[in-house]
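Biologist: I'd like to learn how to read a structure feature by feature. Could you take me through this one?

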Amino acid sequence: MTINYQNIEFLTSVAELTQLPPDEGTEVAFAGRSNVGKSSALNTLTRKRNLARTSKTPGRTQLINLFELEPDKRLVDLPGYGYAKVSRSIKERWQKTLGQYLENRNCLKGIVLLIDIRHPLKEFDAMMAEWAGQAQIPLHILLTKADKLTRNHANKSVMEKKKQLKDLPEVSIQTFSSVNKSGLEELEAQLNTWFGSL
Ligand code: GDP
């Protein structure tokens with residue numbers, strides 16, 4: 001039995017880790033710098049036009065947004081950052097909350113880290129990768145907006161990222177496009193594995 005990713009419901013938004021639902025079942029988190037295509041990827045996965053809209057509502061961009069697929073199976077939309085208008089103190093607070101979530105959340109079984117296929121790894125990506133490694137949580141990299149590159153250039157970016165992340169214990173990398181839906185099946189297969197529903 002596989003999961004139907006269209007059957008997804010918004011659960012809650014939390015600003016503090018103490019507000020999270022009980023640490024039970026399985027969570028898979030999506031993370032990425034703002035504008036990387038995270039909302040588009042979540043909408044593509046769930047075949048919704050506006051699933052991730054909640055996460056983009058002003059005031060909610062700094063929150064951890066949780067969605068339920070089935071009882072005890074949740075997708076977590078982690079706050080990204082990158083907007084110049086976010087102050088340093090807010091950035092530091094996010095970093096702390098994110099780090100604590102990754103470190104302490106037992107039900108977190110995998111992280112999907114989205115990186116624009118045209119860009120090198122940025123500070124945020126390196127930080128997420130390092131935390132995932134430390135917490136021994138498997139990382140699945142989505143190289144987003146793959147439709148913007150030729151196949152050759154896309155392959156080159158995949159090789160580069162593989163090389164840069166080779167020291168991580170558990171990492172997989174794929175290309176993805178919300179425009180032409182390429183990579184969707186591969187993403188679903190990875191999520192199904194993590195949710196234990198293969
Ligand atoms: P978020 O800030 O990470 O949630 O990013 P969004 O999903 O809002 O996307 C940011 C911008 O990138 C928007 O203008 C999208 O239309 C565009 N975008 C997102 N995914 C893709 C993609 O797969 N291909 C292309 N060409 N553009 C994309």
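Biologist: Which glycine follows H6, and what is its phi?
Modeller: Glycine 196 follows H6, and its phi is positive, near 70 degrees. Before we go on, this is a predicted model: local features need pLDDT of at least 70, side-chain atom pairs count only at pLDDT 80 or more, and totals for chains, interfaces and linings use all residues. Residues are numbered from 1 along each chain as its sequence is written, and side-chain values use heavy atoms, with hydrogens and water left out.

Biologist: How do you decide what gets a label like H6?
Modeller: Helices (H or I, at least four residues) and strands (E, at least two) are DSSP runs, numbered from the N terminus. Here, helix H6 covers residues 184–194.

Biologist: Which residues of helix H6 are buried?
Modeller: Buried means under 20% relative accessible area, exposed over 50%, and partly exposed in between, with a 1.4 Å probe and protein chains only. In H6 the buried residues are Leu184, Leu187, Glu188, Gln190, Leu191, Asn192 and Trp194.

Biologist: What do the buried residues of H6 pack against?
Modeller: Contact means heavy atoms within 4.5 Å. The partners of those H6 residues are S2, H1, strand S5 (108–116), S6 and strand S7 (171–175).

Biologist: How many of the nine residues of H1 are buried?
Modeller: Eight of the nine are, so H1 is largely enclosed by the rest of the structure. They are Lys38, Ser39, Ala41, Leu42, Asn43, Thr44, Leu45 and Thr46. Arginine 47 follows H1 and has a positive phi, near 55 degrees.

Biologist: Where is asparagine 35 found, and what is its phi?
Modeller: Asparagine 35 sits in the loop between strand S2 (26–32) and helix H1 (38–46). Its phi is near 80 degrees, a positive value in a residue other than glycine. Asparagine 35 is exposed, at 60% relative accessible area. Lysine 145 also has a positive phi, near 60 degrees, and lies in the loop between strand S6 (139–144) and H5. With a relative accessible area of 21%, lysine 145 is partly exposed.

Biologist: What does the side chain of aspartate 77 make a polar contact with?
Modeller: A polar contact is a pair of N or O atoms within 3.5 Å; within protein, one must be able to donate a hydrogen and the other to accept it, and residues adjacent in sequence count only if both atoms are side-chain atoms. For aspartate 77, the partner is the side chain of lysine 38, at 2.4 Å. Aspartate 77 is in strand S4 (residues 73–77) and is buried, with a relative accessible area of 3%.

Biologist: And serine 177: is it buried or exposed?
Modeller: Serine 177 counts as buried, at 0% relative accessibility. Its place is the loop between S7 and H6. The serine 177 side chain makes a polar contact with the side chain of aspartate 147 (2.7 Å), and reaches the backbone nitrogen of asparagine 180 at 3.1 Å. Not counting residues up to four places away in sequence, serine 177 touches Ala146, Asp147 and Ser182.

Biologist: How many aromatic pairs does a search of the whole structure find?
Modeller: A pair of aromatic rings is described by the distance of the centres and the angle of the planes. Rings of Phe, Tyr and Trp (its six-membered ring) pair if their centres lie within 6.5 Å; planes under 30 degrees apart count as stacked, over 60 as edge-to-face and the rest as tilted. The search of the whole structure finds one pair. Phenylalanine 10 and phenylalanine 67 are edge-to-face, 5.7 Å centre to centre with 70 degrees between the planes. The pair links distant parts of the chain, 57 residues apart: phenylalanine 10 is in strand S1 (residues 9–14) and phenylalanine 67 in strand S3 (residues 64–70). Phenylalanine 10 is partly exposed at 35% relative accessibility, whereas phenylalanine 67 is buried at 1%.

Biologist: Where does leucine 63 lie, and what is it in contact with?
Modeller: Leucine 63 lies in the loop between helix H2 (53–56) and S3. Leaving aside neighbours within four places in sequence, leucine 63 is in contact with Ser13, Val14, Ala15, Asp77 and Pro79. Leucine 63 is buried, with a relative accessible area of 15%.
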